[in-house]
Structures are given as C-alpha cells and as structure tokens.
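Here are a few exercises to work through with the model open. Try each task before you read its solution.

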Amino acid sequence: MALNNLWGKLGAFSRNVLVPSNVIYKSFDADPLVSDKMSRAISRWYGMYVDKPEWADDEVKPLGLPRAIAKEFAQVVSSEMTITADGGFRADFINEQLTRFQSNVQNSIELCMALGGMAFKPYVSGGNVFIDSTSAASFIPLRFDDGDNCVSGVFKSQPVKVDKSYFVKLEYHDFANGVYTIRNKAFTSDENGITGSEVELGRVPEWAAIPEEVQIKNVEKPLFGYFTPPVSNNIDTASSLGVSIYGGATEDLIRDADEQWARFLYEFESAERKIIGTPEAISGSLPGSKANPLLGDRLFIQMPYDSDDFFKEFSPALRHAGYYEGLQAILRRIEFNTGLAYGDLSDPATVEKTATEVMSAKIRKFNTVKALEDRFKAALENAVYGVDVYATLYGLAPRGEYALYIDFDDSILTDKDALRERDRQDVRDGLMQKWEYRVKWYNETEEVAKSMCPVESTSDPFNLG
C-alpha cells in the first residue's frame, strides 16, 4: 500500500498546503467543501500531532497526547483485524492486493483519527491494483450524496522532482448517474507540495502516458472510500467533513495538560536543593593553589555576604502532588471527551471510580471503537469495489464474484470467553445456527462451516470435531 505522505515540513503547511479553492474551481469547475475554518483546523491538528502545537515554547513541552490518542484507537481497531475476500480467482486477486494494504493499515487509521479524514483510492500499476491512503490535507472532498457519502473529490499527489523543479498532480474523481469520471492535471510545486501554475502532464515522464480524462460507465458507486472519525463536526456545523478525534474543545484540554505538565516539571526544577555561599567560599583558591572543588558544582551558587565563609541551604518543600493530581484530572476529561476509557491516558492508580463508572467508561470506549470500525469497513468496501472494477477494466484477473469479510475481533475490549459462552448458549436455545458459530469463532467460510454442520443431530451439539 502506498501511504501518501503528510505534507513535508510543518512550516510549509502553516502557509496552507491544501490546494487553493480557486485552483480547483478553475481546473475542474467545482467548489471544494473545505472552508477556511476547516483548513485552519486541519493545520492545528497536524501541528498538535507532530508535537508542534501553537502553544509550545521553551517552557511548555508537549506531552504527545494527540498522537497517543490517535494511536490508541488505531491499535485497538487494527491489532486483531483480518480482511479477506472469499470466492474464486477474482477473490484470490483481491486478497493479494489487500495483503499489501493491511501491512500499513494502523498508520492509516492513526492519521485519520488525528486529521479528521482518510481516503482509500485504488490505482493500477504493473498488473496490480494498489490502495493508496490519502490524508485530509491531500484529499479535498467536493460533493456528498443524500446518504452523506463522499462521491466526488480531488486527490493531490506527493511532489515529484524533475531536474531542479517540483510538480504535483491533481486527480479529480466524480461519480454521478452510473458514470465515474477521472481528470488529471499537473502543476508546478515546491518540495512541500504547494500548488503553483498548471503545466502539461508530460512535464513529468511518469505522468506522460496518463490520459487527461477517463470515463468508466456502469459503475454502482465511487471507486474510492472516504473514512472519517466517529465525531460530529463542531468546527463547521454546516460541513459533512470529518474532524479530528481530539478536535474542538478537547484541543483546549490538551493545551491545559501540556501547561500543567510544564508546571509539574518546574516544581522539581525550582525546588532543587542549593547551597548558597560567598564567592570567596565557593570559588576561592585552596592552599597550594589547588582549584576549589565547589566551583562548577550545580549544588553551589554564589551570592555576596558580609562573612567570607558564609553558607546557607535552600531546600523548599515539593508541592508536586497537587500539580500531579491536577494533571490527572485534565487527562481524565480528555479521555471522556475522546471516547477513551479511564486509565488509557491518565494514571490508573489515580482513577477512583465505582464499578458502575468503570463499566460506563469501558462501554463508552467500546461504542466509539465500534462506530470507528463501521466507518472503516464502509470505506474499505468502496475501495475494494474499485479494485474489482479496475481488475475487470484492465483485464488483471478473471471475472467472478467475491465476498469481502472484515473481522475486527474486539477481544481487547470485551471478555472473549464470556461472549463465546453466550454464543454457545444461543446455539443451544436455537437462536444461532451452528454454522454461524463456526464462521464467527473458527474463521471458516460459510460454505466450509455448513459442510461441518450436517442436518442430523449428533452427540456433540456444536459438532466442532
């Protein structure tokens, strides 16, 4: 899988590396849905993700909370996820393409959580169909259908260097009335991908053979999937765009946490034990012209006093406990806002909650992750549909039906043994078929599972062999 790089240097992104609206309108006669407000928000989220928030300075060092939040959700979703296609030769071909995609899927989910969106776009290369993961800064949505599904957008490539010049390619993708349209245009750029003036595609040798426009007819839906975090857009309420999992009010809480951490660290620095003495006592030469060992020792500092051999100890009491408790309170609020469980960010030893509150926190995280999984599944199904269409269009694999299975196995969030026993009881009560049980717990296909479960009853109610 090709993972589209973010944008290079942060400084370039702060100048708005997103494709300007006028360039998209002039090139493709379409209006981007990314408002100035959303553009600024994506810039902030990126800065926070790479530990360069607006409030960072010599005193306030970021804790790295944005990346930790995004990574936690990505790990939970991807750690035990399996993606397979079932069927004949067409399914075998799709599985080969998915193997490459899965190798970097955690990074894709993490970036989606951080930046508010990720597009999965298939493309053909060397007899294969790769699935490119394009972040919110390189994919600009143009249109959503009545079901709030993204059906049109512009993808921006990474900068390509030819001689001493840089270029980027913009791909316009649009689905309407069963027709899928792709338009390609090239532009001058700099090393950070900032779009300049339009040039011929042939300026970049590897783009010379790419047609300026392609139309694919008789398709059922877009050939890409748009994936967003399960968070309502409170940045621009009129927009259908996704927002960062730590966007909105949580941004202020993350700043509070970083500043509180700075206070916590300063408490140790300011309370460091010191011995204050006169210059004569600390830096004066010893008998025999030997160097004074106190000179240069961080424990000792010099101040003028009346007495030449005066010393005074400075050793204030630490007040770190209060600062630490305050930090933990902020972290628990961040956990609540983002849908994490208590203890994911905060110190579990400081979480004094009742059993009901602990269960409520676990359910909150479970629901957040399930919503995330549903959105990821829908986006990937669209992308795999695109792989299937391209395989037919370019004759890359024999035609045939396929069934896509995406299993997340949420055992990290649930008691797996308890769930399995519940399903066993459902089989006994006739609420679940034996073959359904085997598909779920043995990762068998429906066909194989049914073949292992004959109609006649056996001494083994589960016929698990």
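**Exercise 1: a residue in H10**

Asn382 lies in helix H10, and the model you're looking at is predicted. Work out whether Asn382 counts as buried or exposed, and find what Asn382 touches beyond residues up to four places away in sequence.

Solution. Start with the accessibility: Asn382 has a relative value of 17%. Buried means under 20%, so Asn382 counts as buried. Next, look for its partners: leaving out residues up to four places away in sequence, Asn382 touches Lys221, Pro222, Leu223, Phe224 and Gly225.

**Exercise 2: the core**

Find which residues of the largest nonpolar core touch the most other members, then say which helix gives that core its largest share.

Solution. The core has 97 residues, and Phe227, Ile334 and Phe376 touch the most other members. Its largest share is twelve residues, from helix H10 (residues 355-393). Now zoom in on Phe376: setting aside neighbours within four places in sequence, its contacts include Phe101, Phe120, Phe227 and Phe408. Apart from this core lies another, of eight residues, with Val160 and Phe167 among them.

**Exercise 3: two helices**

How do H7 and H9 run relative to each other?

Solution. First take the geometry: H7 (residues 249-270) and H9 (residues 320-338) pack at about 160°, with axes 9 Å apart. Angles over 145 degrees count as roughly antiparallel, so that's what H7 and H9 are. Then check the handedness: H7 passes H9 in a left-handed crossing. Finally, sort the residues of the contact: twelve are nonpolar, seven polar and four charged.

Conventions:
Residues are numbered from 1 along each chain as its sequence is written. This is a predicted model: local features need pLDDT of at least 70, side-chain atom pairs count only at pLDDT 80 or more; totals for chains, interfaces and linings use all residues. Side-chain values use heavy atoms; hydrogens and water are left out. Axes are lines fitted to C-alpha atoms, for helices over the stretch in contact, and angles run from 0 to 180 degrees between N-to-C directions. Helices (H or I, at least four residues) and strands (E, at least two) are DSSP runs, numbered from the N terminus. Angles under 35 degrees count as roughly parallel, over 145 as roughly antiparallel, 65 to 115 as roughly perpendicular and the rest as oblique. A crossing is left-handed if the near helix is turned anticlockwise from the far one by less than a right angle, and right-handed if clockwise. Ala, Val, Leu, Ile, Met, Phe, Trp, Tyr, Cys and Pro count as nonpolar, Asp, Glu, Lys and Arg as charged, and the others, Gly among them, as polar. A nonpolar core is a set of buried Ala, Val, Leu, Ile, Met, Phe, Trp, Tyr and Cys residues joined through side-chain atoms within 4.5 Å. Buried means under 20% relative accessible area, exposed over 50%, partly exposed in between (1.4 Å probe, protein chains only). Contact means heavy atoms within 4.5 Å.
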